[in-house]
Each structure stands twice: as structure tokens, then as C-alpha cells.
Amino acid sequence: MTWTTTRDLDAFEAAAGTFLRGRPAEHTVLLSVASSLRVIGTDAYGEGAPSFGWWRRDGRSAVEAAFVWTPPRTVLLSPMPDGAAAELVDVLAHEQLAIPGVNAGRATAEAVAAAWQRRHGGTVRTAEHHRLYRLGELTPPAPAPPGVARLATTADRDLLLAWFTAFAAEVGDPPPRDARAVDDRIAHGRCLLWEADGRPVAMAGVTRTLFGMARVAPVYTPPELRGRGYAGAATAAVSRAARDEGVHELLLFTDLANPTSNALYQRLGYRPVEDHLVLEFGRG
């Protein structure tokens with residue numbers, strides 16, 4: 001059994017691409033992050049160089065696991081066999097990659113965290129508990145709130161950057177490093193605004209479509225405008241637009257600590273797929 005690691009995105013996609021593309025919903029975050037690194041730049045998520053890896057049972061077998069790490073964030077992990085989880089911790093330690101934690105489906109996150117504790121000691125803290133949903137039959141809110149959906153344009157650039165930054169702060173993510181991600185969303189029509197009384201009151205974005213899959217993110221309403229149905233209307237609008245453009249698997253993540261958003265997305269037709277954990281490691 002062996003992991004191969006690299007800082008070369010081309011090498012990673014050549015080796016692990018077939019594995020990731022084979023189950024795009026399971027690998028939604030790894031695929032979208034790798035795509036953003038290629039399109040926006042390898043420094044899209046931080047100044048530290050990204051690291052990548054893939055695992056085979058032997059040198060000739062197919063890839064069965066992969067990871068993407070964009071420091072300073074936690075490591076993104078695909079599902080993997082227990083043996084791969086334990087070996088990953090040893091490989092990262094050998095290469096002196098001091099990861100701050102992991103982000104993965106529950107079973108994989110817990111397996112890697114347990115292996116990390118056996119090797120390093122220290123603590124493991126559950127920082128976030130997410131649920132992945134897949135859209136079934138879209139059911140827009142009825143009645144819809146006042147307003148209309150429209151595509152964001154370059155005139156909305158400053159507003160979107162402010163809202164992306166506010167959203168990141170609310171969920172505990174680092175803020176956008178610059179406006180490149182916002183510019184990419186605008187250029188490719190991947191961000192909708194819900195507009196009421198002539199002004200934007202909520203936004204809903206969608207990742208680029210990869211192998212028939214896309215993910216709704218982020219969804220944001222300023223605090224003073226919440227509770228009026230704007231987020232649900234914006235999410236329904238961006239979901240319908242994605243479906244109309246041929247997205248077969250439309251996904252989104254929710255924070256299980258927020259029962260309001262979980263209930264909202266289920267009313268719109270999103271159905272649970274699996275739970276994910278963000279686990280942060282602390283040295284003993």
C-alpha cells in the first residue's frame with residue numbers, strides 16, 4: 001500500500017482524475033477546489049503551496065483515495081479504506097506536512113483523526129458538522145417573497161466581495177484573498193442576486209459544473225434582511241438555472257448547527273446524502 005504526494009496539480013489530476021470523476025458527488029469539494037486552483041491560480045486559497053496525494057494498494061492498481069490540501073485550511077479527503085487513513089498520517093508526518101485538521105465524510109474524518117492521535121497525541125475538536133444534500137424535485141417557495149432574481153454583473157462586484165467576505169466570517173473560513181473568485185463567478189454567470197424594491201437583498205452562487213455535478217454555494221442574506229424568504233427564493237432561482245443548463249447532480253452543504261437552513265433546503269427539494277466533519281487537531 002502506498003501514498004504518492006506532489007505539489008504538481010497536473011500530476012495529481014493525471015493520476016487521480018479518473019477516480020475523482022467516477023463519483024463526482026462524493027468528491028464534490030476536491031473536484032471544485034482543484035478546478036479553482038487551475039482556473040484562478042494555485043494561491044487562490046492561501047499563500048502556502050497546495051499539496052495533493054493519491055493512494056493505491058500497489059503500484060499497478062487503481063487509485064482508491066485522494067487528498068487536496070490548501071494551507072492554511074484543513075485537508076480535504078476522499079472516502080478511503082482504513083489502511084489508507086492510517087498510512088496517510090505516517091506519510092504526512094514523514095514529509096513534515098503539519099496539517100491543522102481534516103474535512104471529510106464522517107467515517108474517513110474519524111479514521112484519520114484516530115490515526116493522527118495515535119501517532120501525535122494531542123486533541124481532536126469537531127469544528128463543524130455538515131450535511132451534504134442532493135436536489136430531487138425542485139419546489140420553489142410559495143408564495144415567493146417580493147422581488148426577482150437576476151444575474152450578478154460587474155456593477156455588483158464590490159457588493160459581492162463584501163458579501164463573500166461576510167459569509168466567510170460567519171462560517172469561520174478565511175476571507176477571500178482578492179476579487180478573483182468573485183470575478184470568475186460574474187464572468188461565467190454563476191451568481192444570482194434576489195432584488196427587492198430595486199436593491200439586492202440576497203445572493204446564491206453555484207460552483208462551475210464538473211462532470212455533470214455542481215454545488216450551490218454560497219447563499220447569503222445580510223442579517224438585517226433575514227427571515228423574509230429571500231435566501232430560499234435566491235436558492236430556488238439558482239437551482240433552477242443550474243438544472244436548465246444541464247446539471248445532473250446539484251448539491252449543497254448545510255451546517256447542522258443551523259436548523260433553519262436545513263429545514264429550508266429540504267422544503268426546496270434537497271435530500272440528505274451524507275454527513276461531513278471538519279476536525280481540528282491540537283498538539284499535546
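With a relative accessibility of 48%, Phe-211 counts as partly exposed (buried is under 20% relative accessible area, exposed over 50%, and partly exposed in between, using a 1.4 Å probe and protein chains only). Phe-211 sits in the loop between E9 and E10 (strands, E, are DSSP runs of at least two residues and helices, H or I, of at least four, numbered from the N terminus). Its phi angle is near 55°, a positive value in a residue that is not glycine.

A word on the model before going on. This is a predicted model, in which local features need pLDDT of at least 70 and side-chain atom pairs count only at pLDDT 80 or more, while totals for chains, interfaces and linings use all residues. Residues are numbered from 1 along each chain as its sequence is written, and side-chain values use heavy atoms, leaving out hydrogens and water.

To find Asp-197, look in the loop between strand E8 (191-196) and strand E9 (199-206). Asp-197 counts as exposed, at 85% relative accessibility.

## Two cis peptide bonds

Two prolines are worth a visit next. The bond joining Ala-142 and Pro-143 is a cis peptide bond, with omega about 0°. Pro-143 has its place in the loop between strand E6 (123-135) and strand E7 (148-151).

The other example runs from Ala-217 to Pro-218, where the peptide bond is cis and omega is near -10°. Here the proline is part of a strand: Pro-218 lies in E10, which spans residues 213-220.

## How H1 meets H2

Now to the helices. H1 covers residues 9-22 and H2 covers residues 28-39; their axes come within 11 Å and cross at roughly 150° (axes are lines fitted to C-alpha atoms, for helices over the stretch in contact, and angles run from 0 to 180 degrees between N-to-C directions). That angle makes H1 roughly antiparallel to H2 (over 145 degrees; under 35 is roughly parallel, 65 to 115 roughly perpendicular, and the rest oblique). The crossing of H1 and H2 is left-handed (the near helix is turned anticlockwise from the far one by less than a right angle; clockwise would be right-handed).

On the H1 side, the residues that meet H2 are Leu-9, Asp-10, Glu-13, Leu-20 and Arg-21, and their partners in H2 are Leu-30, Leu-31, Ala-34, Leu-37 and Arg-38 (contact means heavy atoms within 4.5 Å). Sorted by type, the residues of this contact are six nonpolar, no polar and four charged (Ala, Val, Leu, Ile, Met, Phe, Trp, Tyr, Cys and Pro are nonpolar; Asp, Glu, Lys and Arg are charged; the others, including Gly, are polar).

## How H3 meets H4

Helix H3 (residues 82-94) packs with H4 at an angle of about 45°, their axes being 8 Å apart. H3 is therefore oblique to H4. H3 passes H4 in a right-handed crossing.

H3 brings Asp-82, Ala-85, Ala-86, Val-89, Asp-90 and Ala-93 to the contact, and H4 brings Ala-111, Val-112, Ala-115, Trp-116, Arg-118, Arg-119 and His-120. These residues divide into eight nonpolar, one polar and four charged.

## Aromatic pairs

A search of the whole structure turns up six aromatic pairs (rings of Phe, Tyr and Trp, the last by its six-membered ring, pair if their centres lie within 6.5 Å; planes under 30 degrees apart are stacked, over 60 edge-to-face, the rest tilted). One of them joins Trp-116 and Phe-281, whose ring centres are 4.4 Å apart with planes at 25°, so the pair is stacked. Trp-116 lies in helix H4 (residues 106-120) and Phe-281 in strand E12 (residues 270-282), so the pair ties together parts 165 residues apart in sequence. Trp-116 is buried at 4% relative accessibility, and Phe-281 is buried at 13%.

Tyr-265 and Tyr-270 form an edge-to-face pair, with 6.4 Å from centre to centre and 75° between the planes. Tyr-265 is buried, with 9% relative accessible area, and Tyr-270 is buried with 0%. Elsewhere, Phe-12, Phe-52 and Trp-54 form one aromatic cluster.

The last stop is Ser-261, in helix H8 (residues 259-268). Ser-261 counts as buried, at 14% relative accessibility. Leaving aside residues up to four places away in sequence, Ser-261 touches Thr-254 and Asp-255.
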